[in-house]
Amino acid sequence: MLVKLLGLLDILTGVLVALLTFGIKTPLLIILASYLIIKGVIFFSGASVMDLFCALIIFYAYLNPVNGIITGLIAIWLLQKGTFSLFT
C-alpha cells in the first residue's frame, strides 16, 4: 500500500514537472520536491540518489529558467518510476 501511495506521488510530481517545462508553476511542486528529498534520504538506494538529484533540479528550475529537455527527462523519470511502482 505504501509503495502505491509513493508511486502516485511520483506520478503527480512528474506531471507537475512536465507542466513546469511549459512555464506553469504551482507551489505544490515545491512541497513534492521536498517529499522527494525526504524519500531519497529515508530509502537510500540508486533510485533514491536520482530522486535527490531530480529534487535539486526541480528546486532550481522552479526559481530559474532551465532547458526544457532537462525538466522533460525528469518528468519522464518520475512518471515511469511511479507507473512501475503502481503496476508491480
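Which residues in α1 meet which residues in α3? T13, V17 and L20 of α1 meet I58, A61 and Y62 of α3, where contact means heavy atoms within 4.5 Å. This is a predicted model, in which local features need pLDDT of at least 70, side-chain atom pairs count only at pLDDT 80 or more, and totals for chains, interfaces and linings use all residues. Residues are numbered from 1 along each chain as its sequence is written, and side-chain values use heavy atoms, with hydrogens and water left out.

Stay with α1 and α3. Ala, Val, Leu, Ile, Met, Phe, Trp, Tyr, Cys and Pro count as nonpolar, Asp, Glu, Lys and Arg as charged, and the others, Gly among them, as polar. The two axes come within 11 Å and cross at roughly 35°. Axes are lines fitted to C-alpha atoms, for helices over the stretch in contact, and angles run from 0 to 180 degrees between N-to-C directions. The helices themselves are DSSP runs (H or I, at least four residues), numbered from the N terminus. The crossing of α1 and α3 is left-handed, a label used if the near helix is turned anticlockwise from the far one by less than a right angle.

Now turn to α2. Helix α2 spans residues 27-42 and helix α3 spans 46-63. They pack at about 155°, with axes 8 Å apart. The pair is therefore roughly antiparallel, the term for angles over 145 degrees. On the α2 side, the contact includes P27, I30, A33, I37 and V41. On the α3 side, L52, A55, F59 and Y62 are among the residues involved. The contact of α2 with α3 holds 12 nonpolar, 3 polar and 2 charged residues.

Next comes α4. The axes of α3 and α4 come within 11 Å and cross at roughly 140°. These helices are therefore oblique to each other, the class left once angles under 35, over 145 and from 65 to 115 degrees are taken out. α3 passes α4 in a left-handed crossing. A47, M50 and C54 are among the α3 residues in this contact, and I74, W77 and L78 are among those of α4.

The largest pocket has a volume of about 210 Å³. Of its 13 lining residues, L6, D10, K39, D51 and K81 are the closest to its centre. α1, α3 and α4 each supply at least two lining residues. α1 gives the most, with 5. The lining divides into 5 nonpolar, 4 polar and 4 charged residues. D51 also belongs to the α2 and α3 contact, and D51 and K81 both take part in the contact of α3 with α4. A pocket here is an open set of points on a 1 Å grid over the protein atoms alone, where a 1.4 Å probe fits, with protein on both sides within 12 Å along at least five of seven lines; lining residues have an atom within 4 Å of a point. Points are joined across faces, edges and corners, and the volume is the space filled by probe spheres set on them.
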